[in-house]
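Let's take a walk through this protein chain together. Have a look at the sequence and the structure first, then read on.

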Amino acid sequence: MTKTRRDADRAMSWQQLQMMARGTVGDSDTSVVTDTRPKTKRPPLYKVLLLNDDYTPMEFVVAVLERFFGMSHAQAFEIMLTVHKKGVAVVGVFSHEIAETKVAQVMDFARRHQHPLQCTMEKE
């Protein structure tokens, strides 16, 4: 059975259900039932930013990027250098909940290792 045929069968079934709900099954009603679906928006995305400081070792920043953002050593090293030179770098773009979790994980990990590393998020 082709996709359009299946869609037509589903549409027919939906029309029949609508007619049953109205009590018009078997009547010679030729009206068309339109089914409108609301368009769903994609959730807003948030950038996770890593901020430079003068105390956190570069190796620690690389380890954070590898551990929490799944980067290779080379990718983590490049981003660490960007943070070091520019003062800030985007380390990922995520939905709100994931971005919030990543920020919390990085901040907690840095505190447990007694580093002042800062991680924030902002709407894209």
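## Helices around a core

In this chain of 124 residues, 28% are buried. Keep in mind that you're looking at a predicted model. The chain has four helices and three strands, and if you read along the sequence they come in the order α-β-α-α-β-α-β. How much of the contact in the chain links residues 24 or more positions apart? Counting contacts with a separation of 6 or more, such pairs account for 65%.

Now for the inside. The largest nonpolar core holds 25 residues, and those that touch the most other members are L50, L65, F69, V91, V106 and L117. Two or more residues each come from β1 (45-51), α2 (58-69), α3 (73-86), β2 (88-95) and α4 (96-112). Which element gives the most to this core? That's α2, with seven residues.

Setting aside its neighbours within four places in sequence, L65 is in contact with L50, G70, M71, A76, I79, M80 and V91.

| Helix pair | Axes come within | Crossing angle | Handedness |
|---|---|---|---|
| α2 and α4 | 11 Å | roughly 140 degrees | right-handed |
| α2 and α3 | 9 Å | roughly 125 degrees | right-handed |

Start with α2 and α4, whose axes cross at roughly 140 degrees. On the α2 side, the contact is made by F60, V64, R67, F68 and F69, and on the α4 side by K102, Q105, V106, F109 and A110. What kinds of residues are these? Seven in the contact of α2 with α4 are nonpolar, one is polar and two are charged.

Then there's α2 and α3, with axes that cross at roughly 125 degrees. These two helices are therefore oblique to each other as well. Here M58, V61, V62, L65 and E66 in α2 meet H73, A76, F77, I79, M80 and H84 in α3. The residues of this contact of α2 with α3 split into eight nonpolar, two polar and one charged.

Notice that L65 turns up again: this residue is part of the α2 side facing α3, and L65 is also among the core residues that touch the most other members.

Note on methods
Residues are numbered from 1 along each chain as its sequence is written. This is a predicted model: local features need pLDDT of at least 70, side-chain atom pairs count only at pLDDT 80 or more; totals for chains, interfaces and linings use all residues. Side-chain values use heavy atoms; hydrogens and water are left out. A nonpolar core is a set of buried Ala, Val, Leu, Ile, Met, Phe, Trp, Tyr and Cys residues joined through side-chain atoms within 4.5 Å. Buried means under 20% relative accessible area, exposed over 50%, partly exposed in between (1.4 Å probe, protein chains only). Contact means heavy atoms within 4.5 Å. Axes are lines fitted to C-alpha atoms, for helices over the stretch in contact, and angles run from 0 to 180 degrees between N-to-C directions. A crossing is left-handed if the near helix is turned anticlockwise from the far one by less than a right angle, and right-handed if clockwise. Ala, Val, Leu, Ile, Met, Phe, Trp, Tyr, Cys and Pro count as nonpolar, Asp, Glu, Lys and Arg as charged, and the others, Gly among them, as polar. Angles under 35 degrees count as roughly parallel, over 145 as roughly antiparallel, 65 to 115 as roughly perpendicular and the rest as oblique.
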